[in-house]
Amino acid sequence: MNAFPKYISKMALAAVALWAVGCNDIELDGFQSPVVDSSLTGSSGDVSVSTLTFWWDAVSGVTQYGYVLYNDEGVSQRNGLTSETSVTFTKLNANTTYVLEVEAYGTNGETTKRFTITAKTDAIVTLDTPDVSLMTTSQENGKIVIQWVAVANADSYNYYLYSDEGDVLQNATTTETTVSFSLDAGTYQLGLTAESENEAFTTSGVALFTFNRTRELQSSKSVTYTRGDTGDKWSLTMSIYDDGAYVVENIFGAEGYNLEFAIAEDNSISILNAAENVRGYDVVYYGTGENDYVAYYCTTGNAFSWFEESKSEGKVVTLYAIYDLSSTDHCDDTIAWDVPRKAITEDDVIGTYRVTYFYLSDYVLLSGQTSWTALENTGYLVTIESTGEPDELQVSGLLTGNMSDNTSYFPVSDYAKYDTLIATLSGGKLIFEDQDCLKYASLECYEWVDYDAQEYEHSYEMTATVSTTDGGIELDEEFFFCISYYDTLYDYYGTFTLEKVN
């Protein structure tokens with residue numbers, strides 16, 4: 001018996017063509033007389049680590065070609081018949097020499113002499129090991145970031161994070177050339193290999209990169225944590241570190257149960273010490289009990305949890321929180337702390353100003369209208385001057401300029417005499433208090449109020465936070481006023497930017 005298939009008639013040619021690629025262990029015997037004056041020549045190509053293609057010249061009067069493929073040990077691997085002048089083999093061994101023997105069958109069963117074509121599959125290339133000397137570390141948003149140079153032909157990287165004692169802390173695969181970790185201070189090691197989905201390449205050697213996680217305290221703040229569902233407030237200590245991490249210590253009183261977060265450039269919040277993530281919520285435990293947890297929902301952008309800075313409230317982190325993961329009830333917890341500001345003096349405030357910006361909140365007029373362009377004018381002048389008493393100022397024209405002569409509700413001629421207000425400068429705020437209730441023909445009362453206290457009917461106080469700007473001052477969002485009409489309140493609040501004229 002030999003490995004060559006014997007001649008098959010034309011009637012069976014279509015069927016045997018299916019055996020042109022991948023036929024194994026076919027033992028067909030018998031050789032016919034050679035085709036007179038005919039011989040074969042051929043070549044190979046399309047070489048890869050697992051594929052070889054062989055070609056040969058067509059022979060006149062030949063209907064089929066028989067072939068046998070041998071490996072480098074002379075063992076038959078594939079054989080078959082084809083009417084084509086080429087054959088492709090797949091799933092071969094890499095870096096291996098193969099010999100193909102071919103002979104042609106004529107119409108009447110005659111054959112040519114056998115000839116051989118030799119080819120070798122490519123060797124699998126080991127990817128370069130990531131260069132440890134080019135790895136760098138940085139600290140951003142409360143995390144340590146490790147970066148490396150991309151390896152040629154690598155599609156991904158598999159990494160292991162080890163503790164100083166050799167324990168595996170994390171294992172994952174990334175397609176990026178950076179990886180970041182939330183870690184305590186200490187020494188760590190990163191094991192990194194380059195990977196490829198291409199069969200021509202195999203996994204690189206392991207690069208071992210040792211690094212130190214450092215964290216230096218920059219400052220500590222006293223913060224107020226407000227639980228959104230109950231309204232409970234308590235004071236805590238928050239540490240701010242040089243890596244951008246904010247650590248609120250013992251968030252619900254239990255020692256060692258902290259909240260760590262970072263603030264991104266877009267003011268979005270990320271939780272750094274979440275025990276787990278459930279349905280997108282970062283779960284932080286604040287005690288030893290099974291239900292001693294709060295889950296925060298943070299996304300890119302600032303749609304759910306975010307940071308903002310208010311001149312009146314200081315810095316505020318709002319956290320979209322849920323205290324029962326089986327529920328859908330959520331609340332907005334907040335962490336707020338004061339911001340040191342330059343003390344505002346009379347000299348900073350006294351002068352004549354042109355109103356360059358005025359924003360008024362949504363409101364409802366007595367007539368049911370929802371807008372009033374007469375309160376959106378800018379460019380008018382406001383005067384702030386001393387009354388002669390310490391830290392007491394007189395503010396004139398602040399609201400008159402917002403009103404036009406055709407405003408039926410507030411005729412300017414009637415209103416102007418009431419638009420001289422007395423304010424006390426204290427703690428960077430102008431405090432307007434004990435102002436007369438301003439009466440108009442169609443309105444019972446116009447009151448200055450402490451909006452935050454919501455004591456509309458009893459208070460005549462208005463507070464405006466003052467901050468200096470380039471060339472002027474700004475009265476911030478606590479500048480509120482309210483209209484009371486037959487015990488119905490219509491409240492407004494606005495921000496004024498005043499550019500100093502002299």
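**Strands and nonpolar cores**

Student: Over how many bridges do S9 and strand S10 (residues 143-147) pair in the antiparallel sense?

Tutor: This is a predicted model, in which local features need pLDDT of at least 70 and side-chain atom pairs count only at pLDDT 80 or more, while totals for chains, interfaces and linings use all residues. Residues are numbered from 1 along each chain as its sequence is written, and side-chain values use heavy atoms, with hydrogens and water left out. Strands are DSSP runs of E with at least two residues, helices runs of H or I with at least four, both numbered from the N terminus, and two strands pair if DSSP finds at least two bridges between them. For S9 and S10, the number of bridges is five.

Student: Which residues touch the most other members of the largest nonpolar core?

Tutor: A nonpolar core is a set of buried Ala, Val, Leu, Ile, Met, Phe, Trp, Tyr and Cys residues joined through side-chain atoms within 4.5 Å. The largest has 26 residues, and the elements giving two or more residues to this core include strand S17 (217-226), strand S20 (259-263) and strand S27 (331-337). Apart from this core lies another of 21 residues, among them Ile144, Tyr157, Val179 and Ala194. In the largest core, the residues that touch the most other members are Leu259, Phe261, Tyr296 and Ile335.

Student: Is threonine 53 buried or exposed?

Tutor: Threonine 53 lies in strand S2 (residues 52-56), and its side chain makes a polar contact with the side chain of threonine 88 at 2.9 Å. Buried means under 20% relative accessible area, exposed over 50%, and partly exposed in between, with a 1.4 Å probe and protein chains only. Because its relative accessible area is 6%, threonine 53 counts as buried.

How values were computed: A polar contact is a pair of N or O atoms within 3.5 Å; within protein, one must be able to donate a hydrogen and the other to accept it, and residues adjacent in sequence count only if both atoms are side-chain atoms.
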